[in-house]
Amino acid sequence: MASYQSISVDDEETAQEDPRASNNRRRTSDHRIYFIVIAFAILALVTTSLRAFNQHDDNDQNKAPTDSSTLVETSSSTGHHARRHMNVPIPSGVNLGSWLSLEDWFYVGNNGAVEVASPDDATAASCLPPLHLDSSTGPRWNSETDLLAGLAKHYKEIMDIKDDAEKQSTLGGYPNNRKQSLGPWGKAIQTIHAFRSSYIDFEKELETMASLGIKHVRVPVSWCWTDNDIDPNMKLVTKNETDPENDDSWIYMDDEEVLKKYTCQDPFYDDVRWPAIPRGLVQRFLRACADHGIGATLDIHTYPGGTSIGTFSGVWPRYARFWTHGDVPALDNSQKPDVGRHLLKDFIAYLEKLAVKDPHAFKGFRALSPMNEPAHLAGLYNGKKPIRTDRETFLPPLPSDIADKYLKELNSGLESKPQLTKVPDGNHLRVLLWLRDAIDAFRQSTLPSMGKELHVNVHESLFPSDVLPKQEPKSDYGLNQAPMEVFGAWWRASTTADERAKWAVLDIHHYYAWGPQCSGTVEGPPTGRFACSDAEQRELIIGRCGAWASVYRSTLEKECEKGLRLASAEFSASTHHSVRHACNDVTSLKLMLETQVDVAANADVELFWWSYKMPYGGAFRSAWSLKHLLYLLGVLPQPDEEIFHCGDHVKPLGEPEDGSI
């Protein structure tokens, strides 16, 4: 800032004694006054501009604060950066969960939030806005394929109504009959695509992320993609060019063509179809990421048949069949096509071609994650106590000859290194072998040489507790090193030190919500380890459990040596999986955010919040939507919500039955 000096007035006597000096002083004084006026004018202009800017900022739903007094960027000794807004740490990565791979609990509405992992007998999701709002516009649903089938059934029932008067109900001039509209499957696909194409404002929301200091975004996707891009011409419905003068003359794609172009038949379930993701939609998103300096990880979240059990599998309430039906070479050495490995290789080939066909989109692509939480819960749902004894495991063991050969390969050379962990035998070898082949497929591609990365996700629930090394007492605070040691041993045998330092990133998700040693609840023990209102115990437990990222790094470095890259691509502020029991007060949520982000920054573990937004998630949003939590903390000016409500739509008199057109 410029400094200003006071101006003294020369006395008359001095001026008379030296007229030339007086004139010089007068001219100098005039110049000073001139510059002062200019300076004040500039200052007034700047002040007015700042006021206008702040006013604009307050009215902008997605604009993050950019006042330099609220932005602080700190870095650890390892170089990992953590951005702070108004003393709130911001993780460098976020997920765009339940956009291109749907999960039911994101769509429970204002009054439907109960459990993050919906119980077997619950159907939690009640909408998929903007076209499906409640039971009058479509079904409740468990998973993505369940929704697609339910929507098609809903539209078929409406179109089969015999009452001609009801069949004439229209929306935008499109009657509810087969001759003058899309068929049931066409309407179902259009409903899902309307959601996908409107859920994220590529420009505005990526701009907000970038302004917050978010550098990376992880995008869960299904395995089912299509080259038939619905946008920008909405090819499901096209103008009849043979009758150009008739504004009401349209051609509607029949269901046979819709199913062929925009769905994928699940090879392990005859009655299951998946809604295909248009490649063009993803490429437009990647180009927008490149424009805003954000790198996107494409995470193949679901595979045919489901690789895990639960609503996020894509096929729930059906049981997972990927490992029992699709892991063919490891099952019987037959010549049948291996669906999973084949799909992954095709996906890698697509990304290689993208570098040439759409280099701008390729610039926005940062990394590939080959499978999300492979065989999650297999160690618990294994036909043994304490969880499930009434169903066979969905993760069968490898044939003994393949298992013995692979186990020998993994533990080779460890006889003289007793300080290193050996990989134990068990059903988990099937998953580790598949991931080893995924690493090799990426290694043999051109992607590493073009600076792209492979983020390999594993989950502790893969292992039954009886196969793990003996746990240390400090694991009482959720710092369970045993599965980390086994994953570290496998990672050491599956990658080289150079690969681990450059493009091979190990990813282990970590949540407080399911760990009884670290959970907090409104009522306290025994439901949770601490009561949300007990400030002393809350700070103690969260602080001790928050050391997880540093334990993660030290454990993996013990197995693999230093220099490896680590990530935890899913974490949140939730203290309990049941939202009604969890801590939802802002003080607890802020402490959860601060502790995890700060410790991870110091440990050089890259974090991705789950998830950036979930506007239809009701009470889940406080601990799971970063956008909503930053609003509660005063960083963002608007809550995470949309113009439509979910599950509580009140149907007005005369509303058309067919909200999908």
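**Packing of helices H17 and H19**

In this predicted model, helix H17 passes H19 in a right-handed crossing, meaning that the near helix is turned clockwise from the far one by less than a right angle. H17 spans residues 535–545, and the two helices pack at about 25° with axes 10 Å apart; axes are lines fitted to C-alpha atoms over the stretch in contact, and angles run from 0 to 180 degrees between N-to-C directions. H17 is therefore roughly parallel to H19 (an angle under 35 degrees). Arg538, Glu539, Ile542 and Gly543 of H17 meet Thr587, Ser588, Leu591, Met592 and Thr595 of H19, with contact taken as heavy atoms within 4.5 Å. By class, this contact has three nonpolar, four polar and two charged residues (Ala, Val, Leu, Ile, Met, Phe, Trp, Tyr, Cys and Pro are nonpolar; Asp, Glu, Lys and Arg charged; the others, Gly among them, polar).

H19 itself covers residues 586–603 and reaches 26 Å from first C-alpha to last, close to the expected 26 Å (1.5 Å times one less than its number of residues). Its buried residues include Ser588, Met592 and Thr595, where buried means under 20% relative accessible area with a 1.4 Å probe, protein chains only. Just after H19, aspartate 604 takes a positive phi of about 60°.

The protein chain as a whole has 21 helices and 21 strands, counted as DSSP runs (H or I, at least four residues; E, at least two). Of its 661 residues, 56% are buried.

Residues are numbered from 1 along each chain as its sequence is written. Local features need pLDDT of at least 70, side-chain atom pairs count only at pLDDT 80 or more, and totals for chains, interfaces and linings use all residues, while side-chain values use heavy atoms, leaving out hydrogens and water.

Technical notes: Buried < 20%, exposed > 50% of the residue type's maximum accessible area, 1.4 Å probe, protein only. Parallel < 35°, antiparallel > 145°, perpendicular 65-115°, else oblique.
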